[in-house]
Amino acid sequence: MSNSKNKWVIPLAFTNIYVIWGITFLAISFGLKGFPPFILSGLRFLVAGILIIGYLLSKGEKANSLINWKKNAITGILILTGGTGLVAWGEQYVTASEAAISIATGPFWFIAIDRKNWKYYFSDKFIPIGLALGFVGLVFFLKGSVNSNAHAVTDGNLRITAFVVLGLSSIAWVLGSLYSKKNPASQSTFMNIAQQLIVAGLASFLIAFLRKEWTGFSVSAVPLSAWFGVLFLIFFGSIIAYLSYIWLLSVKPAALVSTHTYINPIVTVIAGWIIAHQSINGGQLYGLFIILLGVLLTNVTKYFKLSKRSKVKIRRVRRFLNRTGKRYQPI
């Protein structure tokens, strides 16, 4: 992909994972009104994967490499079944906003686990400062959420367990993302995503079977709002946003891509306010402002740093001007 195309494709991809995945947390809460968590996850992953691979096979693309299936299976199970599937389980006991906030530790896990790029991360002072500031913002955000009466009333131990599980989902997501970045399959991005989604969907259905989620489940009893949630998760969350995410991992540092976990809670709260009429208190707004500032700092060098090509051009112009000036100096 050319640099000219990247100028608009990269911002679009970041917008997809920032906005769509923020709304996804709310869509999961709607889906849970009719589906158990892992049946919900399995359905969204498997349908999305079948749609993509069906299109690719009709165009003549092959999917017969066992090595690629293995690589994509590991990525899909970690990121999707472990990462997103556990989020769906956690949202049974916490609100969508709390879930989004809980997994916002992603950038910290990226830096802690991605030792290969420690030198890069810590050579730019703005990245650790921005991540630290983002964490402070999350503390304020969480405090505002806890003090709010908007969260679901449920058993305290279950809520604590849910937050722990959501933390584990963040780690699983990071491990899968780093594995995908370091062990890319030798296929198109679309085919890789299709295989990841299919394996993740089957794994989620297996977990649903082991948890006996199918017992007593009736498709006819699923309300219309839950179906709308599932449709959004399939087409926007599992296809458009996930495609954007996997592609960004191939062109940008993982820790920078993971900043979506800072923006997602903001989008979740705003979407919850507009769609589900959930309230936003002052503590949450204060935390959101600090989070945004932290994200800006993590990307500030990227925004203002000149590319190597630009620096070379500037040096050439300077040398030309110097030579010209010396050549035509007045006597």
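Biologist: What makes up the lining of the largest cavity, by class?
Modeller: That lining has twelve nonpolar, twelve polar and one charged residues. Ala, Val, Leu, Ile, Met, Phe, Trp, Tyr, Cys and Pro count as nonpolar, Asp, Glu, Lys and Arg as charged, and the others, Gly among them, as polar. This is a predicted model, where local features need pLDDT of at least 70 and side-chain atom pairs pLDDT 80 or more, while totals for chains, interfaces and linings use all residues. Residues are numbered from 1 along each chain as its sequence is written, and side-chain values use heavy atoms, without hydrogens and water.

Biologist: Why is this space called a cavity?
Modeller: A cavity is a set of points on a 1 Å grid over the protein atoms alone where a 1.4 Å probe fits but cannot get out; lining residues have an atom within 4 Å of a point. The structure holds one cavity of 30 Å³ or more, and about 280 Å³ of space lies in the largest cavity. Its lining has 25 residues, with Phe25, Thr84, Ile103, Trp173 and His260 nearest the centre.

Biologist: Why is the pair of Phe14 and Tyr18 called tilted?
Modeller: Rings of Phe, Tyr and Trp (its six-membered ring) pair if their centres lie within 6.5 Å; planes under 30 degrees apart are stacked, over 60 edge-to-face, the rest tilted. Eleven aromatic pairs are found in the whole structure. For Phe14 and Tyr18, the ring centres are 5.8 Å apart and the planes at 50°, so the pair is tilted.

Definitions and conventions: 1 Å grid on protein atoms, 1.4 Å probe; cavity = no way out; pocket = protein on both sides within 12 Å on 5 of 7 lines; lining within 4 Å. Points joined across faces, edges and corners; volume = space filled by probe spheres on them.
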